[in-house]
Amino acid sequence: MDVINNLTLGFGVALSSNNLLFCFIGCLVGTLIGVLPGIGPVATISLLLPATFGMDPTASIIMLAGVYYGAMYGGSTTSILVNIPGEAASIITCLDGYQMARQGRAGPALGMSAFGSFIGGTVSIIGLMFLAPLLAKAALKFGPPEYFALMLFGLTMVTYLCRGSVIKGLLMAVVGLAIATVGQDPISGNTRFTLGSIILMDGIGLVPVAMGVFGIGEILTNLEENIRQEVFSTKIGRILPSLQDWKICKWPIVRGSLLGFFLGILPGAGTVIPTFIAYTVEKRLSRTPEKFGTGMIEGVAAPETANNAATGGSLVTLLSLGIPANIVMAVLLGAFIIHGIQPGPLLISRHPALFWGTIASMYIGNGMLVILNLPLIGLWVKILKIPYSILFPLILLFCFLGVYSLNNNIHEILIMVIFGVFGYLMRKFGFEGAPFLMAMVLGPMMEVAFRQSLLYGDPFIFFKRPISGVLLGMSLVLLITPIFSNIARKRQVLEKLDD
Amino acid sequence: MNTMKYKNLMSGMFWLALGVLFSIWSTTYHIGSITQPGPGFLPLILGILIVVFSLIILGQGWKADPAKEKEVSFSLPAGWKKIAYVILVLLFTTFSFEPLGYLITVFLLIALLMLGKEWRSLRKAVLTAFLTALGVYLVFILLLEQPFPRGLLRF
């Protein structure tokens with residue numbers, strides 16, 4: 001009955017008027033940036049971080065988590081109505097969602113994605129609630145070698161799963177780790193690579209870098225591409241899906257929930273990959289796979305359920321092991337640390353009110369989001385009509401003022417602008433931002449774990465301990481497979497040429 | 001410049017230079033040994049890895065045949081002027097923030113960005129910039145009491 005006691009505690013925390021308000025703000029901001037293309041949860045959570053400094057840690061985490069899962073709700077609206085994904089996790093929703101809107105079925109598409117999101121979100125919170133404490137117990141036995149191996153595995157997964165060249169991904173991860181070494185050495189206290197600057201003594205801040213690469217970099221890319229937002233239909237019609245729609249979507253939603261949750265736990269999968277897999281699974285299982293892409297409601301329900309289910313899954317490793325499964329979680333990890341809370345196996349026992357309060361707030365937040373997204377859909381459509389020429393200066397202004405208010409230091413704005421240009425060039429030259437930022441967050445923890453492990457006196461300790469050995473083996477396999485598949489592909493080409 | 005070949009060659013050279021610099025720089029710190037690693041130990045490994053990966057990327061760029069790729073153009077990206085302008089505005093406002101103060105800087109940031117292209121007319125840009133500066137004063141100064149630099153103006 002532990003769970004019931006804990007949940008009672010959690011709801012007690014989450015239902016306090018203060019936390020309820022911050023949960024609502026988080027969900028509202030999340031939906032807003034989900035609807036708006038060109039600004040995502042990574043930049044937004046970094047932007048809101050300075051605003052949480054004066055707040056109680058529980059309220060901050062409740063609000064920032066709300067932004068994350070709220071964005072998953074909002075993203076579908078833009079995909080369905082404008083055929084531009086509001087969020088990367090809603091790319092696949094464009095395929096059938098926009099077609100449904102063109103056929104005059106925007107209402108049921110929006111409705112089903114909101115209900116699917118609610119079900120997927122709720123299932124994943126239940127999973128998180130049961131799995132995180134179990135994993136935390138197991139992780140108590142972890143020493144520095146295991147932690148190092150686990151973080152390396154997470155980083156490898158992020159690199160392996162990102163788009164484009166694996167070598168470029170690896171390079172970005174190593175550069176991220178290198179940037180993380182700027183500042184004070186966590187073990188000896190010596191300063192490194194600071195050029196004598198006091199600002200750099202503390203290291204290069206996560207917030208200016210995240211906002212640069214994912215906020216400014218994204219805007220510069222969008223400016224080049226000239227986003228044109230044309231809302232397809234302003235008349236949305238009946239939002240509630242019909243009984244027939246529910247019959248079709250019943251199993252896609254169940255499958256989407258399970259797929260999303262378990263893939264979300266996997267480091268690196270994030271919220272995007274589960275949507276692609278959920279869509280593919282539905283297409284495979286369908287009796288009429290050729291009709292996918294022409295406005296099939298299950299093609300909207302499955303991925304929209306999966307991306308919300310993945311949010312709960314990705315919180316599992318952060319809250320139980322202290323290891324982020326994707327970049328949004330990496331920024332959230334930064335938020336924990338700023339508030340003086342070390343996420344890890346002891347988090348649940350040391351800060352039960354925070355852990356269970358956050359879980360309870362997620363149940364409440366998912367309820368709020370259905371209300372925010374369905375009856376208020378008209379409001380979001382109006383926001384979609386704001387032209388980008390007004391929107392992008394405002395987003396830049398928020399980044400500017402947000403970064404300044406971190407430490408009241410213009411050098412941090414400068415760091416943000418430099419990394420914005422860097423993020424833009426990265427995209428132009430085919431490099432991915434995710435491994436870079438992930439490595440930057442994990443860097444200091446990885447370095448400590450790495451050097452502590454070596455102090456055991458045996459450089460092969462990582463391979464001699466079973467858990468770290470298996471994790472490192474898996475990372476190695478991940479790194480080697482692309483090389484082999486490359487060789488296999490070349491061989492096929494050669495064979496074809498021989499024929 | 002738009003082909004993958006040139007992209008790989010250019011970025012490969014950039015990272016190679018940076019990797020070499022970083023590796024040499026790390027040797028100025030105490031490296032230690034494999035069982036007693038010092039502050040320069042991990043940076044040195046990372047520097048060497050950057051060099052190795054950038055050499056692979058350079059190699060890929062060297063081998064690639066640009067003729068086989070679809071786009072073979074050597075021009076800058078279409079919107080480069082717009083992007084350079086936005087970056088310049090951001091840099092200008094970063095350095096004007098403290099001397100000019102937040103109100104003038106916010107006004108300039110919004111007005112300059114909106115005027116940057118045929119985006120909006122002068123009147124609309126000035127009006128939007130004015131309203132935004134007012135909004136920033138109300139929210140950030142009156143409500144959130146942020147210590148933004150006042151600069152030239154006294155409030």
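These entries record what I looked up in a predicted model.

**Conventions.** I number residues from 1 along each chain as its sequence is written, letter chains from A and number ligands from 1 in the order in which they are written. The model is predicted, and local features need pLDDT of at least 70, side-chain atom pairs count only at pLDDT 80 or more, and totals for chains, interfaces and linings use all residues.

**Entry 1: chain A overall.** I found 21 helices and 2 strands in chain A; helices (H or I, at least four residues) and strands (E, at least two) are DSSP runs numbered from the N terminus. The C-alpha atoms fill a box of roughly 75 × 65 × 55 Å along the principal axes.

**Entry 2: helix α17(A).** I looked up residues 388–407 of chain A, a helix of 20 residues that reaches 30 Å from its first C-alpha to its last. The expected 28 Å is close to this, the rule being 1.5 Å times one less than the number of residues. Its buried residues include F392(A), P393(A), F400(A) and Y404(A). They pack against α3, α9 and α18 of chain A, together with α3, α4 and α5 of chain B. N408(A), with a positive phi near 50°, follows the helix.

**Entry 3: the core.** I took a nonpolar core as a set of buried Ala, Val, Leu, Ile, Met, Phe, Trp, Tyr and Cys residues joined through C-beta atoms within 7 Å. The largest has 204 residues, and M151(A), V174(A), A210(A) and L437(A) have the most contacts inside it. Helix α6 (residues 106–139) of chain A gives the most to this core, 16 residues. Domain 1 (4–68) and domain 2 (80–143) of chain B both contribute, so this core lies between them; the bounds come from an automatic or database domain assignment. The C-alpha centres of these two domains of chain B lie 39 Å apart.

**Entry 4: the interface.** I counted 46 residues of chain B in contact with 40 residues of chain A, contact meaning C-beta atoms, placed from the backbone, within 7 Å. On the chain B side, α3(B) gives the largest share, 10 residues.

Notes
A residue is buried if 20 or more other C-beta atoms lie within 10 Å of its own, exposed if 12 or fewer, and partly exposed in between; C-beta atoms are placed from the backbone. Two residues are in contact if their C-beta atoms, placed from the backbone, lie within 7 Å.
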